[in-house]
Amino acid sequence: LVGWPLWKHVRFNQAVEYEQAGKTAYARGDWQAAERQHLASLEIYRALNDQTGMVKQYDFLGSLYVSHHNLPGAIEMFLQSLEIYKALGDQKEMAKQYANLGSLYALSQQFYYAEAMFVNSLNANFTLGNLEGMAKQYENIGSLYYTFKALPKSIEMFLKSLEIRQQLGQ
């Protein structure tokens, strides 16, 4: 924020105020007002090219849309968030968003995309050395294969998850 012109500070403060108003509206159960406030905050963060602010808004809106069964809206928000995490090189958040998207695609009966997202999450967790995350993604992929009635592949994924969980002492 140091070195920003005054107008940028003012706009940033407005974005924060909209964000806080959105959280307040959500807490009192007014999800439509929460959506409006977070969208207004998002627009300001976009104008400022503030990726940290943008990603917070995309994540909040994605979660808001999930809670109100707007799966296409949630997918759109989480895809936007994922692009920012990729640009920032944040593998941990990328793994989380890939998993979120995999679940949303599965719920939307878009199994090809679900599989791709779960595999991407698995790969990101592998890069991080996150065994717990890897085990969870093997379970997600196994469940997806079970849905397809691809039982040998499903069993293979569940066994990989079990092996990791045993390594973790679970």
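Colleague: Which conventions apply here?

Modeller: Residues are numbered from 1 along each chain as its sequence is written, and side-chain values use heavy atoms, with hydrogens and water left out. This is a predicted model, where local features need pLDDT of at least 70 and side-chain atom pairs count only at pLDDT 80 or more, while totals for chains, interfaces and linings use all residues.

Colleague: Happy with that. How many helices and strands are there in the protein?

Modeller: The protein has eight helices and zero strands; here helices (H or I, at least four residues) and strands (E, at least two) are DSSP runs, numbered from the N terminus. Along the principal axes, the C-alpha atoms fill a box of roughly 60 × 35 × 30 Å. Of the 170 residues, 40% are buried (buried is under 20% relative accessible area, exposed over 50%, partly exposed in between, with a 1.4 Å probe and protein chains only).

Colleague: How do I read a pair of packed helices?

Modeller: Two packed helices are described by the angle between their axes and the distance between the axes. Here the axes of α1 (residues 6-27) and α2 (residues 31-48) come within 8 Å and cross at roughly 160 degrees. Axes are lines fitted to C-alpha atoms, for helices over the stretch in contact, and angles run from 0 to 180 degrees between N-to-C directions. That crossing makes α1 roughly antiparallel to α2 (under 35 degrees is roughly parallel, over 145 roughly antiparallel, 65 to 115 roughly perpendicular, the rest oblique).

Colleague: What span should helix α3 have, at 1.5 Å a residue?

Modeller: The expected span is 1.5 Å times one less than the number of residues. For the 17 residues of α3 (residues 51-67) that gives 24 Å, and the end C-alpha atoms are 24 Å apart, which agrees. Its buried residues include Met54, Phe60 and Leu64. Among the elements covering the buried residues of α3 are α1, α2, α4 (71-88) and α5, where contact means heavy atoms within 4.5 Å.

Colleague: And how should I read phi?

Modeller: Most residues other than glycine have a negative phi, and most peptide bonds are trans. Asparagine 49 has a positive phi, near 55 degrees; this residue sits in the loop between α2 and α3. Histidine 69, in the loop between α3 and α4, has a positive phi near 60 degrees.

Colleague: Is histidine 69 buried or exposed?

Modeller: Histidine 69 counts as exposed, at 71% relative accessibility. Asparagine 49 is exposed too, with a relative accessible area of 57%.
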